[in-house]
Amino acid sequence: MEGGLVADLGGGSLQLTRLRAGSVASTANVPIGAVRMTRRFLRRDPPVPRELRELRTEVRTRLTKALPPAE
């Protein structure tokens, strides 16, 4: 593989590793794990639209900050 992104989602965080030319180019640890986000945003089962909207906004914001655009 020449390049890509590897994601490892855990309960507390998401570990991202960007690959370029077969080597690690950068890494990021983002505190948006499955358990952490569920406890913080999803209070009802099934979740209501507002909870999902707030969750998506948080994840999008944190990923945008953690991942600079690929070169």
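A salt bridge is a side-chain nitrogen of Lys or Arg within 4 Å of a carboxyl oxygen of Asp or Glu. The legends below describe close-up views of a predicted model.

**View 1. Arg-40, Glu-58 and Arg-62 form a network of salt bridges.**
By the rule above, the count comes to three salt bridges. One of them joins the side chains of Glu-58 and Arg-40, with N to O at 3.2 Å. This pair links distant parts of the chain, 18 residues apart: Arg-40 belongs to helix α1 (residues 34-41) and Glu-58 to helix α2 (residues 49-66). Glu-58 also meets the side chain of Arg-62 in a salt bridge, here at 2.5 Å from N to O. Both Glu-58 and Arg-62 lie in helix α2, four residues apart, which is about one turn of the helix. Is Glu-58 buried or exposed? Glu-58 counts as buried because its relative accessibility is 16%, and buried means under 20%. Arg-40 is partly exposed, at a relative accessible area of 43%, and Arg-62 is partly exposed at 30% relative accessibility. Side chains of opposite charge can pair when their charged atoms come close.

**View 2. Glu-51 forms a salt bridge with Arg-44.**
The closest N and O atoms of this pair are 2.8 Å apart. Glu-51 lies in helix α2. With a relative accessible area of 1%, Glu-51 is buried, whereas Arg-44 is partly exposed, with a relative accessible area of 44%. The side chain of Glu-51 also reaches the backbone nitrogen of Val-48, at 3.0 Å. Which residues does Glu-51 contact, leaving aside its neighbours within four places in sequence? They are Phe-41, Leu-42, Arg-43 and Arg-44.

**View 3. Three strands form an open antiparallel sheet.**
The order of the strands is β1-β2-β3. Strands β1 (3-9) and β3 (23-30) are the edge strands, and each pairs on one side only. Direction ignored, neighbouring strands of this sheet are turned by 15 degrees against each other on average. How many bridges join β2 to β3? Seven bridges join strand β2 (residues 14-20) to β3, and the two strands run antiparallel. Thr-17 has Thr-27 in β3 as its bridge partner. Strands of a sheet pair through backbone hydrogen bonds, either parallel or antiparallel.

**View 4. The largest nonpolar core has eight residues.**
The members of this core are Leu-14, Leu-16, Ala-28, Val-30, Ile-32, Met-37, Phe-41 and Leu-55. Which elements give two or more residues to the core? They are β2, β3 and α1. In soluble globular proteins, nonpolar side chains tend to be buried together.

**View 5. Met-37, one of the core residues, and its contacts.**
Neighbours within four places in sequence are left aside in this view. Met-37 is then in contact with Pro-31, Ile-32, Leu-42, Leu-55, Glu-58 and Val-59.

Terms used. Residues numbered from 1 in each chain as written. Predicted model: local features only at pLDDT ≥ 70, side-chain atom pairs only at ≥ 80, totals over all residues. Heavy atoms only, no water. Buried < 20%, exposed > 50% of the residue type's maximum accessible area, 1.4 Å probe, protein only. Polar contact = N/O pair within 3.5 Å; in protein donor to acceptor, adjacent residues only side chain to side chain. Contact = heavy atoms within 4.5 Å. Pairing = 2+ DSSP bridges. Axes fitted to C-alpha atoms, helices over the stretch in contact; angles between N-to-C directions. Core = buried A, V, L, I, M, F, W, Y, C linked by side-chain atoms within 4.5 Å.
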